Amino acid sequence: MLLAPQLVVISLFFFWPAGQALVQSLQQSDAFGMSVVWVGFENFQNLYKDESYAESFLTTGIFSLWVAVLGIGISLVLAYFADRVVRGALIYRTLLIWPYAVAPAVAGVVWLFLFSPSIGVVSYALNAMGFEWNALLNSRDAMALIVMAAVWKQLSYNFLFFLAGLQSIPKSLIEAAAIDGAGAWRRFWTIQFPLLSPTSFFLLVINVVYAFFDTFGIVDAATKGGPGKDTAILVYKVYFDGFKALDLGGSAAQSVVLMVIVVALTVVQFRFIEKKVNY
Amino acid sequence: MIERNRFLDWVSHGVLLLGVAVVAFPVYVTFVASTHTMQEVVQVPMPLLPGEHFLENYASALLGDRNGSGSTASVARMMGVSLVCALLIAFGKIAISLLSAFAIVYFKFPFRMAVFWMIFVTLMLPVEVRIGPTYKVVSDLGMLNSFAGLTLPLIASATATFLFRQFFMTVPDELVEAARIDGAGPMRFFKDVLVPLSVTSMAALFVIQFIYGWNQYLWPLLVTTNENMYPVVIGIKRMISGGDAQTEWNIVMATAMLAMVPPAMVVIGMQKWFVKGLVDTEK
């Protein structure tokens with residue numbers, strides 16, 4: 001009886017839709033839903049043949065790679081120094097964590113405003129320095145824009161995990177190394193960095209998942225997948241094909257592909273957590 | 001501190017200050033833009049010091065009395081919608097997961113493991129992945145443009161259940177036995193022992209879920225077609241009508257500030273639980 005509320009909610013809004021997605025992915029219907037035809041795996045074959053889908057995959061790959069690498073790199077540097085600082089550590093932490101609270105779409109709007117080709121402050125500065133910047137026309141600029149916005153928003157999350165990881169490393173280890181004459185640089189690479197590897201790996205998975213799924217708001221607000229389709233990540237494409245282009249079958253097939261990716265990522269993560277990389 | 005190294009100390013503070021500045025810069029510009037008139041904002045380059053139209057812009061955003069080309073709905077109303085949604089999601093999730101975690105940990109019943117796995121798989125798929133079909137279910141149930149439609153599908157995931165399960169398993173058996181000897185039934189035990197024990201976990205989860213709920217974008221974008229039901233995050237998007245000249249950037253930025261403040265306050269005000277919640281839910 002106690003389970004009833006959760007079971008009702010998840011079966012209604014989780015299993016039923018997920019099942020529907022599977023069924024729909026095998027069907028083809030016209031835009032008004034008047035006729036539905038079973039087409040087997042045709043939707044998947046179409047996806048496989050569809051160049052724009054492959055491109056979208058590539059876009060998502062590049063995007064998540066940048067987000068993960070930049071986000072993890074920058075936050076590791078910040079966390080390392082925050083761990084060193086004794087005075088004011090809490091203030092720095094407070095000042096660095098709040099972007100977590102900013103909605104992706106709001107982050108997208110804010111960055112769009114900063115980098116808007118005609119009125120943005122930063123794009124003005126860039127142009128003044130001699131960089132051509134136009135996120136509306138140049139797809140590289142558009143990609144850079146959403147990567148920056150996504151990294152900015154995810155920074156606090158990575159930062160907190162690295163900081164927690166660094167603080168859980170026993171001080172005695174670092175002291176011992178210092179007595180043996182290892183400098184700060186050497187200590188970081190031989191002690192702290194290897195001991196952080198579980199955290200880093202975990203964050204890598206989380207950041208990829210984040211870049212795949214939670215950045216829809218940023219993309220929609222900042223670039224709308226444009227220019228052309230150059231920043232249309234997979235989730236954006238599911239939304240666009242399903243709700244704007246009304247290709248329900250194709251969209252459902254894409255959902256299924258996404259589900260498989262998430263499940264795979266989750267399995268990787270759990271495998272890893274069970275084993276725990278130890279040194 | 002392991003060694004005294006003046007130089008590195010300075011570097012540390014320097015890097016951190018730089019980090020804070022970079023992180024804060026976008027929001028500073030947003031704030032500045034929200035205090036100028038529209039003409040001042042669209043000038044190139046826009047002024048970088050706060051202007052004098054703070055009250056005017058915020059009042060105009062909150063009340064919705066303006067005539068731009070984008071959406072002109074009242075932001076106060078939207079913030080209300082966002083708040084209700086975020087609270088419903090936070091409390092709804094905590095309530096149902098508390099109950100089901102209790103059932104899974106303390107009762108032996110047939111299909112216990114099956115139920116456990118059913119809940120477990122929901123962890124894997126975010127709403128974004130199953131938007132199409134979920135939308136259909138919600139519209140079949142007639143829940144478009146309603147709070148139920150906005151929140152229920154987002155409650156349907158199991159993060160919180162796992163956190164509570166993990167926590168309940170650390171509660172010593174002696175407590176259960178003591179409660180039984182004192183003649184407390186299972187519900188009594190739940191109410192008087194487990195719930196008070198898990199208050200910190202609940203606080204931690206509350207912060208995370210509140211932000212999650214407040215920041216939802218894709219889902220509300222689909223289920224709300226009526227301006228009265230826009231959460232503030234959607235509202236902002238609708239105000240940008242395309243074309244830099246027509247968009248009232250000062251109002252948009254004022255709204256963006258308003259949309260950021262409540263979750264930021266929750267994060268900073270409940271920092272301790274926030275950090276705990278973040279670390280616990282993901283492990």
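**Chat about a two-chain predicted model**

Trainee: How many helices and strands are in chain B?
Mentor: Chain B has 15 helices and zero strands. Both are DSSP runs numbered from the N terminus, helices being H or I of at least four residues and strands E of at least two. This is a predicted model, where local features need pLDDT of at least 70, side-chain atom pairs count only at pLDDT 80 or more, and totals for chains, interfaces and linings use all residues. Residues are numbered from 1 along each chain as its sequence is written, with chains lettered from A and ligands numbered from 1 in the order in which they are written.

Trainee: What does chain A average in pLDDT?
Mentor: The average is 75, and 71% of the residues in chain A score at least 70. pLDDT is the predictor's confidence in each residue, from 0 to 100.

Trainee: Where is confidence lowest and highest in chain A?
Mentor: Lowest in strand β1 (residues 27-29) of chain A, at a mean of 59, and highest in helix α3 (residues 51-84) of chain A, at 84.

Trainee: Switching to B:Val11, where is it found?
Mentor: B:Val11 is found in helix α1 (residues 6-33) of chain B.

Trainee: Why does B:Val11 count as partly exposed?
Mentor: Because B:Val11 has 14 C-beta neighbours inside 10 Å. A residue with 20 or more other C-beta atoms within 10 Å of its own is buried, one with 12 or fewer is exposed, and partly exposed lies in between; C-beta atoms are placed from the backbone.

Trainee: How far apart are the C-alpha atoms of B:Val11 and B:Met169?
Mentor: They are separated by 45 Å, with the residues 158 apart along the chain.
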